[in-house]
Amino acid sequence: MNSIASGTVLITGPTGGLGRAATAAMAARPADDRPDLLLVGRAGRALSEVAEEARSAGAVVREIGCDLARLADVRAAAQQAKQLLNEGAVRPLRGLVANAGLSPTDTHHASADGYELTFAVNYLAHAQLIGDLLDSFTEPARIVLLGSNTYYQNIFRRILSVAPAEWRDPVELSRPTPAAVPASLKLSGTAYSDSKLAILYYAHELQRRAPSRIDVVVFEPGFMPGTGLMRGQSPAVQRVGRALERIPGVSSPVRSGPALASIVLDDRWSHLRDGAFVVKDKERDVQPFAMDRAREARLWDATTELLESAG
């Protein structure tokens, strides 16, 4: 058994899509290579079902109900995880997968704390959760955040009208769109891509501040037609996405879930740290502007301000 699989992995967003497939892949591992699982998601039937499926495969599982759009819920979830760890209900915490995310079509929506919903769920909630649990890891440990190449535009994403990031100060990114500004797919796409660029910046800064043997990695599962990002597109673009999904090699939760499980658990990835960016199963360089010490430091400070304001 490798060191990560000898402990517990916490995963957010385990009830559907990539998260559910990754949870199933971790639970299906041989007993001597299977971690305990803390499943953090909205309380209800879907969370209970995925937990039972993982238990049926042989995993030790604990569910933690949490609405990531409420930072009070996130803080409570972290405390519940700490209690389970301290009581020995699960093995030591060695992995965390910040998988949950959304891509709403209207950036006027705010979280319970008043922050733009995309930025709140995709980024702020995970920064809160990781910050609260950082002293609870047993080293060596691995933190895997979900990234996306949508942070910059290429020809393929331009054809599909996927908006790239338009970075601004994080406090500005946290604000919902003013009511006088009409909703648009460009605004929602930009908000999603900004949240994914924030994850890259956060990963780099987190590595600088984390204990030395906690490694930080960003995983990009590849373009997955039919997932949340595509649901925000026009019907014509969605039809193109469904056609693309049938092409061999195009990503899907069934294909990418085991890859995500491997990134968090397997020794083949033990060399990765510093926010290394893995696309599917290969480490890739990020665009030069996605490594910026000044932006990363400002994001860290602004995140602290935003989380404290919501406390």
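Predicted model: local features only at pLDDT ≥ 70, side-chain atom pairs only at ≥ 80, totals over all residues.

**Entry 1: ring cluster.** Phe119, Tyr123, Tyr202 and Trp300 are joined into a cluster by ring pairs. My tally of aromatic pairs came to 7.

**Entry 2: Tyr151 and its partners.** I then looked up Tyr151 and Phe277, whose rings make an edge-to-face pair, 6.4 Å centre to centre with 85° between the planes. Tyr151 sits in the loop between strand S5 and helix H5 while Phe277 belongs to strand S7, so this pair ties together parts 126 residues apart in sequence. I checked burial too: both Tyr151 and Phe277 are buried.

Tyr151 also pairs with Phe289; the centres are 5.7 Å apart and the planes stand at 65°, so I noted this pair as edge-to-face. Phe289 lies in the loop between strand S8 and H11, so here the parts tied together are 138 residues apart in sequence. Tyr151 has a relative accessible area of 1%, whereas Phe289, at 36%, counts as partly exposed.

**Entry 3: H7 against H11.** How do H7 and H11 lie relative to each other? Helix H7 (residues 185-209) packs on helix H11 (residues 293-309) at about 85°, and the axes are 9 Å apart. Angles from 65 to 115 degrees count as roughly perpendicular, so I filed H7 and H11 under that heading. On the H7 side, the contact residues include Tyr201, Tyr202 and Glu205, and on the H11 side they include Arg295, Leu299 and Trp300. I sorted the contact by class and got 7 nonpolar, 1 polar and 6 charged residues.

Definitions and conventions:
Residues numbered from 1 in each chain as written. Heavy atoms only, no water. Axes fitted to C-alpha atoms, helices over the stretch in contact; angles between N-to-C directions. Helix = DSSP H or I, 4+ residues; strand = E, 2+ residues; numbered from the N terminus. Parallel < 35°, antiparallel > 145°, perpendicular 65-115°, else oblique. Contact = heavy atoms within 4.5 Å. Nonpolar A, V, L, I, M, F, W, Y, C, P; charged D, E, K, R; others polar. Phe/Tyr/Trp six-rings, centres within 6.5 Å; stacked < 30°, edge-to-face > 60°. Buried < 20%, exposed > 50% of the residue type's maximum accessible area, 1.4 Å probe, protein only.
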